[in-house]
Amino acid sequence: MDEKDHRDAVRLSPLERAALAEIEEGLRHDHVQPDPPPTPARRSWLPLSIVLMLVCSVFLAVVGYRTSQPAVLWCFAILWPLTVIQAVRLVRRWMRPGGRVTRWF
């Protein structure tokens, strides 16, 4: 049985043909690709970076308190909010079902 005979063997009502045409049209315009699942190496960088930033923040806070140098205090003031933002990203990732990773949140 060739392809032409196979198409002739299937009969659709006009309503079914209209529904099928609508579905096919929607599929033609749907070009959105899902995000690829994150790789294990990509996932391990965020917790590691948070730990390193936290250690640096604590170090800068202690040194800034002991020396009262404005440059050290400003470095702490810049690094600490970045550390908190990264920690919020990590917590949100853990709380999402499936653990989907996005660029910022």
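So, contacts along the chain: taking pairs at least 6 apart in sequence, where contact means heavy atoms within 4.5 Å, 49% join residues at least 24 apart. Keep in mind that this is a predicted model, so local features need pLDDT of at least 70, side-chain atom pairs count only at pLDDT 80 or more, and totals for chains, interfaces and linings use all residues. Residues are numbered from 1 along each chain as its sequence is written, and side-chain values use heavy atoms, with hydrogens and water left out.

Okay, the fold. We have four helices and zero strands, running α-α-α-α from the N terminus. Those are DSSP runs, numbered from the N terminus: H or I of at least four residues for helices, E of at least two for strands.

Now the surface. The protein chain exposes about 9100 Å², with 68% of that supplied by carbon and sulfur atoms; that's Shrake-Rupley with a 1.4 Å probe, and for residues only the protein chains shown count as cover. Of the 105 residues, 14% are buried, meaning under 20% relative accessible area, with exposed over 50% and partly exposed in between (1.4 Å probe, protein chains only).

Have a look at α4, residues 70-95. Its 26 residues reach 38 Å from first C-alpha to last, close to the 38 Å expected, which is 1.5 Å times one less than the number of residues. Buried residues there include V72, L79 and L90, and also R89 and R93.

E25 pairs with R28, closest N and O atoms 2.9 Å apart. Both sit in α2 (residues 14-29), three residues apart, about one turn of the helix. E25 counts as partly exposed because its relative accessibility is 35%.

Methods
A salt bridge is a side-chain nitrogen of Lys or Arg within 4 Å of a carboxyl oxygen of Asp or Glu.
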